[in-house]
Structures are given as C-alpha cells and as structure tokens.
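Subject: Structure for your review

Dear colleague,

Please find below the structure that I am handing over to you.

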Amino acid sequence: MMQERHDGINVDLVLSSTPQSSPIVSRNLKFLKKLKISLPSLGKFRPRVDQCCHQCTPDSLRKKLDSNLTLGFRNILSVNESQTRYRGWLVRRVCCVLFVRGCKVHPSPADKRVQRVCESSRVRKALAVGHNTSEEGDNQGQVSRLSFSLPLIDTCISPGLLRFVCVCWVMLKTFASAFGSIEINLNHLLALHRASQEGSLLVYVHMRQSIWDCALIPLVLFCHNLRVPYTVCPLQINSPALRSVLRRVGVILLPRSAASEEEAERDRLYSPVMTSLLQELLHEGQAISVGVSAASGEGGQWVARIRQLIKEGSVADVSLVPVGVSYDCVPAKNSQVGFMSLCRWMLSCLWTRPRGNVRINFVKPFSLKEMCESGRCKTDECVPLQDLLLPAILNDRAVSIHGQRKTAWLLPYSYASQLQDMKEREMSIAIIIHLIFSTASCMAVMSTSLLSCLLLHRHRKGARASVLCRDMAWLTEEILFRNRDVGFYASLEDVFYHSLSLLSQHVIIAALPSRADPVIAPRATPAAVLHLTLQAQLVTRAFILESVGACAVSAMLCEVVRSGVSIRVRKCGVTAAEVTGDMEFDVVLCQDKLTERAQLLCHLLPPGFVPPCQSSVDFPREAVDSLVNCGILIMEEVPRDHPLCDFHKRKGTFNWSAVDYVNDSDSDDEEPDKRSYKISQPSQCPEMLFFLCSLLAGHLRALCWTTDALENLLTPLPEKECVRQIHRRVCERASEERQHYESCSEEAVLTAVRTLIDLGVLQEHQQDEAVFLAVSLEFQQTENRQKLQSFVSQYLYY
C-alpha cells in the first residue's frame with residue numbers, strides 16, 4: 001500500500017510499514033528506530049535531471065521556464081474525485097472512468113496515408129531497384145510487394161478505443177495491481193506543455209528495459225493531456241486480435257512475417273517504407289516514442305531516419321525528449337507476446353502484491369537540428385578500436401593515436417542503407433550514443449538499486465542490517481552529490497525495509513533469537529546475482545568517473561607492487577577491512593601514467609557510459625581528479641627552487657607578444673608541471689577503492705572469460721551460434737568457480753563479443769546473407785590471447 005504526504009512542497013512518497021514478507025524480515029528491523037540516521041531532506045532542492053546538454057544544444061538550454069515554480073510529484077495510479085469535474089459519493093466510485101473520459105485525446109486518422117507512402121519517391125526508388133516491370137503490371141506488383149507494410153502504415157489513434165476499450169482505463173487498473181505507484185515529476189511536464197503549445201514535433205526516446213516502457217510513456221502523457229505518441233514496439237505480437245487493437249491506439253508493430261526487429265530490417269523495402277511513414281506522421285504533427293537498446297543499439301535506426309528527413313529538408317526540425325523509466329523491480333523481457341500470455345499476466349496481477357514503484361523523468365526538449373548542425377555532439381574522430389588498443393596490448397607501448405572508439409555495429413548498414421556517407425553515419429551513431437547517455441543520466445536511482453549495489457560490491461559476504469542502513473544513507477548522499485535523482489523519499493527504516501522486502505527472494509536473512517540485528521547476504525545463485533546486477537547498473541553509471549579512476553590506480557598498483565597488499569588481495573581473497581593496515585606504503589603515481597591507463601580503459605567501456613561530446617582526453621583527466629575529490633588520492637608535492645605561485649621568478653611569464661597566438665604553457669624554456677599522487681592513508685580508503693573497482697569488475701571479467709573461451713572454439717560459426725557457445729562456456733566457468741555470476745549474463749557476453757570484434761580478435765565474414773565469426777590468425781596464437789587477458793585483468797579487482 002502507498003500513501004501520499006503533502007508537506008507544502010512535494011507530494012512525496014511515504015511507504016507504509018505493513019509487513020509484506022516473513023516475520024524475520026518485518027519486525028526484526030525494530031532496531032532501526034534507535035539509529036540516529038536519516039536520509040537527506042530533498043525538499044524543493046532536488047537534482048535537476050531534466051536539463052539537456054549544455055555543450056550540444058546551448059540554444060535549447062537557454063529556453064528557461066519559471067525555476068521558482070515547484071509542483072511536486074503525482075502518482076498517476078492515485079485517481080480521486082478532485083481530478084474530475086464532479087463531486088459526490090457516486091463519483092468516488094467511478095472517478096477513474098470519469099477521469100479517463102475527461103482527458104484530452106488528439107485524434108489521428110490514417111486517411112489516404114497508405115497511398116501517400118506508396119507514392120513517395122523513396123518507396124518508388126526502392127521498388128524500382130532491380131525490377132524492370134511493365135507499366136501495366138507495375139501497380140499490382142507494387143501493392144503485392146508492399147502488402148507486409150500496409151497494416152503498419154494504417155496505424156491510427158482512435159479516441160474512443162484509447163480511452164476505454166482495453167487501453168487507458170484497463171491499464172490504470174492493471175498497473176495499480178502490478179506497481180505500488182507510478183511517480184511523475186510535474187515540473188518536467190511544464191517544458192512538454194510549452195513545446196506542444198509552440199507546435200514542436202516531439203520524439204520521446206527511452207532505454208529499452210521491458211515491454212511496459214512502451215505502455216507507461218503514452219499512459220503518462222495521456223493522463224496529463226499531452227498528445228499520445230505513435231509508439232514503436234520492437235516485439236512480435238502473435239495474436240491478430242491484439243495486433244488490431246494496438247494498431248488503433250498508435251502502436252507501430254513489426255510485420256507478421258518477421259520474428260524480430262533484425263529480421264524485419266533485412267528486408268530491403270522495410271527501411272524506406274518506415275522512413276516514409278515517419279515523414280507522414282511528422283507532417284501530420286504527431287509525436288513519436290522510440291526505445292533504444294543500451295547493449296546493441298537496436299532502435300537507434302529510427303533516430304537516424306528522423307535525422308535523414310531533417311537533412312533532406314522533408315521535416316524542418318524535431319525536439320528530442322529523453323525519458324528515464326526506473327523500476328524498483330525491472331520486469332522480465334519478452335521477445336514475443338500473445339493474447340493468452342497477456343491475459344495470464346493481467347489475471348496474475350489480481351492476486352499478487354504490487355512489485356515496487358516506478359519513477360518516470362522527462363528531459364527538457366532539445367532540437368535535433370541544432371545538435372546536428374553544431375557538430376558538437378562528436379568532438380573526436382572515430383578510430384577503430386584495434387588501432388587504439390592493440391599497440392598497448394601486444395607491444396606494451398604507449399598509443400599516440402587519440403580518438404573515440406568506432407562502433408559501427410550500433411547502426412548496421414542493413415538498418416540504415418540510405419546513409420552511404422561514412423561521416424553522416426558516424427554522426428548518427430554519436431547522436432544515438434548521446435541519447436543512451438542522456439536517458440541513463442535522467443533515470444532515478446531506486447532504493448533496490450542502492451541495496452543491490454551494496455550487497456554485490458561492498459558487502460559480498462554479508463553485513464548486519466545496521467551497517468547496510470548506514471551505507472544506504474551514505475550512498476544516497478553520494479548519488480545526490482553527483483546530480484542524480486533518487487526514486488524515493490521516506491525514513492531510513494521505511495526505505496530499507498521496502499527494498500529488502502522486494503529483494504527478499506534474492507538475499508539470505510539470518511537472525512539469532514538473542515540479537516535483533518540480522519545479517520543479510522546475497523544468495524550465491526546465478527538468478528539472484530544476475531537480478532541484483534541488473535538492479536545495480538544505475539549506481540555503476542553514477543560512479544563511472546570514480547570507477548575508471550580507481551581501476552587505473554589498481555592497474556598501476558598491480559604493476560609496481562608485486563607483494564604485500566597486492567598479493568593478499570588478489571590471490572588470498574582477503575577483504576578490505578583485513579588489509580587496512582597493509583596499505584601504509586609509499587607509492588607515487590604519475591598523473592600522466594594514471595591518465596593514460598584511464599584512457600585505455602575508457603575504450604573498453606560499453607557505448608553510453610561516456611558522452612561523445614566529451615573529449616577522449618578530458619574524461620580520463622576528470623576521472624583522476626575525481627579520486628582527489630573523493631579523498632582516495634592526495635597530490636604529492638614536488639620540491640622546487642621557488643613555489644608555483646611565485647610568477648616573478650618564472651622566465652618569460654610577463655613578456656608580451658605581438659602575435660595573436662596564445663600558448664597555454666608557462667614558457668617555452670620550462671617543461672610543463674608534472675603532477676604526482678599518493679594513495680591517502682585514512683582507514684576507509686582501501687574499502688572505498690575496492691568498492692569503486694568492483695563496479696566495473698563484472699564487465700571486465702566477462703571480457704577476460706570470453707577471450708579465454710575462444711580456445712578450442714571451432715570457427716567460423718554463425719554469429720548467433722558463436723555467441724551461444726561462448727555464453728555456455730562462460731556460464732560453465734562461473735558454475736565451476738561458484739562465484740562471479742554477474743559476468744555470465746547474455747548482455748555481458750554479447751558486449752564482450754562486440755568488443756572482441758572491434759579489436760580484431762574476431763573477424764566477421766558475410767556468407768549467404770548470414771554473418772559468420774572466426775578467430776583472427778593473430779589471436780589464434782595463445783601468447784597474444786594471454787596478452788589480451790593480462791591487459792584487461794590489470795584493471796580487474798578480484
């Protein structure tokens with residue numbers, strides 16, 4: 001059950017203390033009332049996660065609204081008579097129906113849309129390629145070849161069906177049984193209303209997590225009288241009746257003949273038809289909702305098509321709106337949905353308790369045309385990953401080439417065949433990566449994410465509940481300090497109990513009768529660890545700067561320290577608390593070396609962790625500086641003849657030059673100042689360092705295990721079969737070691753395979769319209785594979 005608390009500033013979320021799990025979980029937490037720890041009071045000074053990028057779209061950022069106006073939050077599942085025009089006893093019973101009836105719906109008929117799409121020059125050109133048909137049979141041939149897309153083009157929005165029949169009213173009732181609340185920041189909707197009044201074409205972009213993303217965003221917009229967007233659904237709907245209903249509420253489905261989005265994009269006519277459909281929808285003034293996968297980049301081709309329309313002049317401009325959808329418990333992904341499976345899920349919601357809360361954040365709309373014309377969303381040239389890393393991996397020498405990792409697989413040629421220019425394709429890929437980063441940055445960190453992160457990366461062997469409570473309060477402050485929003489506000493007891501009750505199936509709670517402080521530890525099963533890893537991903541993104549810097553420090557310590565702490569931690573499995581005394585050693589770390597290690601590590605990160613508008617040199621420097629701000633590193637003072645602040649003793653400091661060229665260095669005769677760092681000695685420094693290193697350990701270990709799985713792998717193999725065999729071997733290794741299950745997820749293995757392809761370890765070959773993978777000759781040698789594993793493992797904290 002959920003309650004609302006009105007404090008005059010926000011409608012904040014207050015969790016009820018009704019027990020929802022075992023008695024051990026529920027009332028053994030009475031000791032929390034004695035703790036003098038409280039979560040930070042957010043009030044109206046919440047982090048501003050709705051701001052667009054100041055570097056890529058400065059003009060859109062200047063369009064400010066009334067910053068002093070604070071509207072608070074609203075739970076769209078809590079519908080009462082105050083949200084209708086009527087009052088009374090009967091109104092309170094049917095207020096949901098009256099509220100849905102009173103919401104504004106912008107009708108969108110599909111009159112003659114099929115004819116306009118089929119007669120577009122883009123579709124005609126695609127039909128004419130490779131076909132020399134006579135004029136008499138040309139029309140019939142075109143209709144037969146476009147028969148797969150005619151139902152998709154005929155998608156429309158029916159106001160009556162949208163309001164009542166199985167859609168908004170049913171969704172409100174169903175989601176009320178599935179989720180405790182769906183919270184919306186009303187301040188974020190002001191910019192959307194302003195953009196709608198100005199006539200801007202809105203394109204909502206979210207990160208694909210579940211099928212319910214496609215339903216939640218239109219539902220929120222409908223409840224706030226905003227235009228319901230046409231939603232691109234990447235799943236295959238099998239039921240003809242369900243497909244017919246969804247097409248009439250603005251859902252763009254996959255063709256019946258295609259089992260997946262990848263298979264649909266292989267059709268040579270699908271891309272031009274969908275591009276022409278987007279053009280017609282935007283000409284009608286419709287809004288569009290698109291989801292982008294952070295792992296594979298699927299869905300980004302829709303953004304590339306919209307950008308192509310702007311470049312051609314078919315559409316003047318659109319306003320992109322990144323949307324962050326955060327779940328207390330992320331629903332499972334489904335590749336196919338049928339009518340019976342949907343009915344079973346809706347019926348199961350009637351007798352199961354709500355599975356957590358949902359928070360949805362909207363970013364201020366920004367111009368896609370401005371982002372493209374300014375060119376600021378891509379600062380560095382795209383360089384193949386093998387040119388960036390192979391010299392350091394195989395030859396152990398510094399890399400003189402600087403640039404961003406080339407990730408052409410985010411936008412394959414089959415997905416956007418119309419983009420023949422390499423620079424245009426790279427710009428579209430940069431926009432896709434920027435949207436992934438912006439969407440992840442505006443997502444609120446939920447309480448289950450905090451507890452999952454602490455159990456996986458700080459207290460893997462378990463900790464007392466009182467310790468976890470203190471760490472949750474600390475982690476909440478750190479998240480807010482990094483300008484990330486949180487999806488909760490309540491007392492410490494309520495927040496901890498709420499997250500623990502939702503994760504009860506994935507943790508072990510042990511309590512002695514004589515002690516009221518139970519011990520909580522994660523279950524050592526693959527399902528439990530993978531679920532906790534999925535929940536903790538947002539915390540990893542929030543600490544990505546510090547994590548990169550900490551892994552760079554770990555790599556340098558691995559090189560210079562061959563005994564003591566390094567051996568005990570990496571080989572003996574000693575915890576951070578046990579090595580605190582051994583950290584009293586004097587090691588000076590050069591800033592240039594640290595920055596170089598951090599820069600090499602950045603190239604191994606999945607796309608979307610680093611914004612493309614930030615230079616590949618600036619991000620590693622900020623990563624090193626962030627460790628100084630955290631107190632992990634302290635600057636080492638180098639003895640000098642005169643202090644740095646004494647400018648009078650510097651040669652040529654005050655000499656004026658007649659040339660307009662300005663040199664950033666202090667003088668031409670002196671070398672630039674070299675900075676060095678030492679590891680801080682406070683007792684909590686090792687624990688914090690190991691915590692930050694552990695955040696990226698799952699991704700790096702998956703890369704090491706994937707490289708090791710290439711041994712005795714019979715290649716070439718079809719891409720899907722190769723990924724399947726590698727995934728099976730990685731899972732077998734995790735089962736043998738009985739730990740590190742977070743490194744054997746399908747997403748982690750797929751990301752590692754993509755990295756090996758970019759490195760040139762695996763080579764792609766096209767055979768009979770299928771992609772085959774084979775180990776390159778260079779990495780068929782065991783020595784080179786070991787060098788790659790050694791390079792990656794230097795950043796790895798075991």
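The notes below go from the whole protein to individual elements.

This is a predicted model, in which local features need pLDDT of at least 70 and side-chain atom pairs count only at pLDDT 80 or more, while totals for chains, interfaces and linings use all residues. Residues are numbered from 1 along each chain as its sequence is written, and side-chain values use heavy atoms, with hydrogens and water left out.

Overall

The secondary structure comes to 34 helices and 24 strands (DSSP runs numbered from the N terminus: H or I of at least four residues for helices, E of at least two for strands). Of the 798 residues in the protein, 56% are buried (under 20% relative accessible area; exposed is over 50% and partly exposed in between, with a 1.4 Å probe and protein chains only). Among contacts (heavy atoms within 4.5 Å) with a separation of 6 or more, 78% join residues 24 or more positions apart. The protein exposes about 36,400 Å², of which carbon and sulfur atoms supply 52% (Shrake-Rupley method, 1.4 Å probe).

Helix α11

Helix α11, residues 186–197, has twelve residues and reaches 17 Å from first to last C-alpha, close to the 16 Å expected (1.5 Å times one less than the number of residues). Its buried residues are Leu186, His188, Leu189, Ala191, Leu192 and Ala195. Their cover includes strands β4 (182–185) and β5 (202–207) as well as helix α12 (213–223). At the start of α11, a side-chain oxygen of Asn185 comes to within 3.1 Å of the backbone nitrogen of Asn187. Gly199, which follows the helix, has a positive phi, near 85°.

Pro218 is found in helix α12 and is buried, at 12% relative accessible area. Leaving aside neighbours within four places in sequence, Pro218 is in contact with Asp213, Val228, Pro229 and Thr231. Pro218 and Tyr230, twelve residues apart in sequence, lie 8.5 Å apart, C-alpha to C-alpha.

Ser239 sits in the loop between β7 (236–237) and α13 (240–247). With 12% relative accessibility, Ser239 also counts as buried. The side chain of Ser239 reaches the backbone nitrogen of Leu242 at 3.3 Å.

Val97

Val97 belongs to helix α4, residues 95–102, and is partly exposed, with a relative accessible area of 31%.

Yours sincerely

Key
A polar contact is a pair of N or O atoms within 3.5 Å; within protein, one must be able to donate a hydrogen and the other to accept it, and residues adjacent in sequence count only if both atoms are side-chain atoms.
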